[in-house]
Amino acid sequence: MTRHHAGPLSIFLVVSTAAVIISLVGVFILKSPFQPDHVIVSRREVISQAIGSLLSLEISDRVYLTLRSAAGDVTNVGSLANNLTLLGQARACEDGSGSDICYEWPEDKELRIRSQDNSSSDVHCYDVTWTAQRCATQELLDCYDLSRGYWFGGFQDVNQFWPMNRIQQKMAPYVTGDTWAGQYGDVIERLFVSSTGFGIFIYPDVPLFLSFNENGDKRICLAAKYTQYPYSNKKNSLPVLRYEICQGSDVKAAHGHMTSRHVPKPRDIPSEDLFGGAIWSTWAMYKGDVTQAKVLEYARAIQNAGLPYTQLEIDDRWTPTYGDLDFDRTKFPDPKGMISTLTQQGFRVSVWMHPFFNIDSSAGQYGARQGYFIRGLDSRLPALVSWWRGDASFLLDATNPEAVEWYLNKTRFLHDAYNVTSFKYDAGETNWLPNVHSSAGDLSHPDDYGRHYALMAVRSDPDLRSQEVRVGFRSQDLPIMFRMLDRQTNWGYNRALKTVIPCALTFGIIGYPFVLPDMIGGNGYNEGCIDCTEYAEPELFIRWLQVNTFLPFIQFSTGPWVYNDTVIGICRKLMNLRSKYTDVIKALARESTRTGAPIVRPLWWIAPEDEAALTTDSQFLLGDDLLVAPVLEKGARSRDIYLPTGSWKDELRGGIHQGPTWLRDYSADIDELPYFQRTFENQ
């Protein structure tokens with residue numbers, strides 16, 4: 001076979017054709033995910049459309065959504081449909097939907113953006129909706145930039161950095177889980193706001209997966225997709241990713257507008273006595289070795305120390321088996337007499353509760369026969385689950401009205417037979433559910449289980465309202481305490497002392513003002529041993545109490561008498577200080593039912609454009625006018641304190657400071673808590 005070689009004319013034609021193609025396509029610069037000002041790589045015409053002056057959309061081989069402030073500054077850039085390499089040719093929708101922007105990629109997906117009525121607010125909001133059109137297994141994925149500004153809201157986290165920017169969470173179902181296992185936490189909301197005035201709220205019906213700064217990528221990514229767990233798709237629906245983005249003048253404006261639209265306000269407040277007294281739990285002090293004798297000894301020690309009390313909570317292992325909700329008569333031979341004695345001494349008594357029934361419990365066997373537990377998928381038999389106190393257990397079906405009534409009857413028995421006043425409800429998060437399961441009621445959202453569980457908790461003490469839960473999703477309306485997850489006994493982050501203030505602030509920002517901090521000094525765990533106790537060192541215990549002095553509730557477990565009289569005296573001093581502000585805390589609690597405002601607030605609440613106020617994680621405001629700045633470093637006898645704009649009366653040292661200003665190396669001995677009252681004299 002003869003092979004022909006290209007001659008000069010052929011080479012000329014090839015080169016000329018290539019030049020024509022290059023001239024038609026043009027020379028383009030590769031665009032980074034969050035740089036909309038660069039030229040876009042595309043072999044087709046770029047589509048650009050805007051809604052007013054704040055929002056603009058750009059479509060090529062990618063979709064970019066840009067938000068700007070009223071001053072014209074870019075506040076965020078979204079990289080939409082981020083998981084696809086090529087979207088193909090977009091075309092305008094033809095159905096006259098009324099959306100301000102609507103494009104579709106035939107037989108693939110559709111994007112609609114609708115401007116909301118912003119006539120009554122300076123905050124501008126837009127609904128962004130992606131709808132899959134190809135199949136039920138599609139994934140819709142949008143990402144936004146975290147590097148523009150400081151971020152707040154979202155979820156309880158193991159480190160609870162404030163602002164959130166340093167948190168790293170991989171793409172995972174955005175449901176309540178176990179922070180100790182690195183999951184999204186026990187209290188979450190689909191609300192995030194930033195210091196640029198930009199905010200995101202993802203609607204509850206979205207099967208949401210979320211990543212936050214995964215591997216330090218400085219992006220928050222939202223994915224809608226159905227999976228076998230936890231977002232099952234029994235109706236074979238096409239996934240929809242729908243969320244709201246808002247732009248306000250600052251973080252306070254955006255937060256106020258978005259919470260007023262999407263976060264329910266508490267319908268009442270917990271028992272007023274809890275704000276002024278203290279809760280005493282047996283857990284860190286005695287762990288699972290609690291007995292009647294130790295409870296009575298504990299109560300006497302509290303009284304002898306001269307410390308305030310409202311409620312004494314009998315924690316783990318008061319029952320004979322997990323699930324049989326009655327006192328273990330070996331450990332508590334006369335529970336009625338014990339509680340009668342405690343009641344005469346002025347204690348209300350609560351007990352530890354959970355939704356688990358170990359298979360060796362009588363109640364577990366009975367409930368299984370009655371169908372009161374979460375079942376296996378399409379099965380009449382109860383599913384087995386594991387938890388920290390059992391490898392083979394049943395889980396109460398909180399969606400089953402008969403099961404709930406059966407459980408509440410057990411709480412009524414405890415009240416009627418022994419005068420148990422209220423209850424501490426543990427667990428309830430989605431991660432305890434079997435991966436695939438059936439329930440009596442529809443769990444259209446996996447966290448509906450936790451909502452049902454919390455509603456049951458409310459019904460167990462509807463009048464006094466002195467119960468607590470630790471799971472929260474769309475439960476901001478409930479008038480009960482929401483507890484932080486167990487804290488480790490050390491000075492750092494990682495569920496320890498330095499997370500208490502950021503966690504309290506986060507709870508408030510996402511609509512949970514009645515935050516119950518964990519026990520003073522932490523849980524005393526020893527190298528992860530749940531039943532071992534290692535008390536906090538005295539200095540850590542005192543500094544921890546100072547952090548809690550102005551928080552909504554106080555919860556002790558380790559008694560200060562295990563140290564010495566000096567520690568007891570400092571505790572009395574701090575609790576006396578708290579008593580002077582009890583009425584303020586109660587008034588702020590009642591205010592939250594009207595406005596939704598948190599009781600404890602970040603410094604940016606009164607200075608939303610102040611860099612120091614936005615980034616300070618070791619101070620907080622009680623209301624708008626009391627600033628608290630505890631010492632959080634081991635061995636420290638001073639700290640730097642930031643005072644935002646205003647005149648501040650130094651309640652510890654005296655004098656007036658004019659903010660904004662730093663008080664460098666402010667002295668604070670071991671028994672001293674720096675705090676400042678904003679004054680409006682001479683203003």
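Modeller: Buried means under 20% relative accessible area, exposed means over 50%, and partly exposed is in between. Keep in mind that this is a predicted model.

Colleague: Why is Cys571 called buried?

Modeller: Set the value against the cut-off. Cys571 has a relative accessible area of 0%. Buried needs a value under 20%, so Cys571 is buried. Cys503 also comes out at 0%, so Cys503 is buried too.

Colleague: What makes Cys93 and Cys102 a disulfide?

Modeller: The sulfur atoms must lie within 2.5 Å. Those of Cys93 and Cys102 are 2.0 Å apart, and the two form a disulfide.

Colleague: Why is this disulfide of Cys93 and Cys102 called left-handed?

Modeller: Look at the torsion about the S-S bond. For Cys93 and Cys102 it is about -75°, so the disulfide is left-handed.

Colleague: Why does Cys93 count as buried?

Modeller: Cys93 has 18% relative accessibility. The cut-off is under 20%, so Cys93 counts as buried.

Colleague: Are Cys125 and Cys246 buried or exposed?

Modeller: Cys125 is at 0% relative accessibility, and Cys246 is at 0% too. The cut-off is under 20%, so Cys125 and Cys246 are buried.

Colleague: What makes Cys143 and Cys221 a disulfide?

Modeller: Their S to S distance is 2.1 Å, against a limit of 2.5 Å. The pair links distant parts of the chain, with Cys143 in strand β9 and Cys221 in strand β15, 78 residues apart.

Colleague: How many disulfides does this rule give?

Modeller: The count comes to 4 disulfides. With the bonded cysteines numbered in sequence order, the pairing is 1-2, 3-6, 4-5, 7-8.

Colleague: Why is Asp326 called partly exposed?

Modeller: Its relative accessible area is 25%. Asp326 sits in the loop between β18 and α6.

Colleague: What makes the link from Asp326 to Tyr418 a polar contact?

Modeller: The N or O atoms must be within 3.5 Å. The side chains of Asp326 and Tyr418 make their polar contact at 2.7 Å.

Notes: Residues numbered from 1 in each chain as written. Predicted model: local features only at pLDDT ≥ 70, side-chain atom pairs only at ≥ 80, totals over all residues. Heavy atoms only, no water. Helix = DSSP H or I, 4+ residues; strand = E, 2+ residues; numbered from the N terminus. Buried < 20%, exposed > 50% of the residue type's maximum accessible area, 1.4 Å probe, protein only. Polar contact = N/O pair within 3.5 Å; in protein donor to acceptor, adjacent residues only side chain to side chain.
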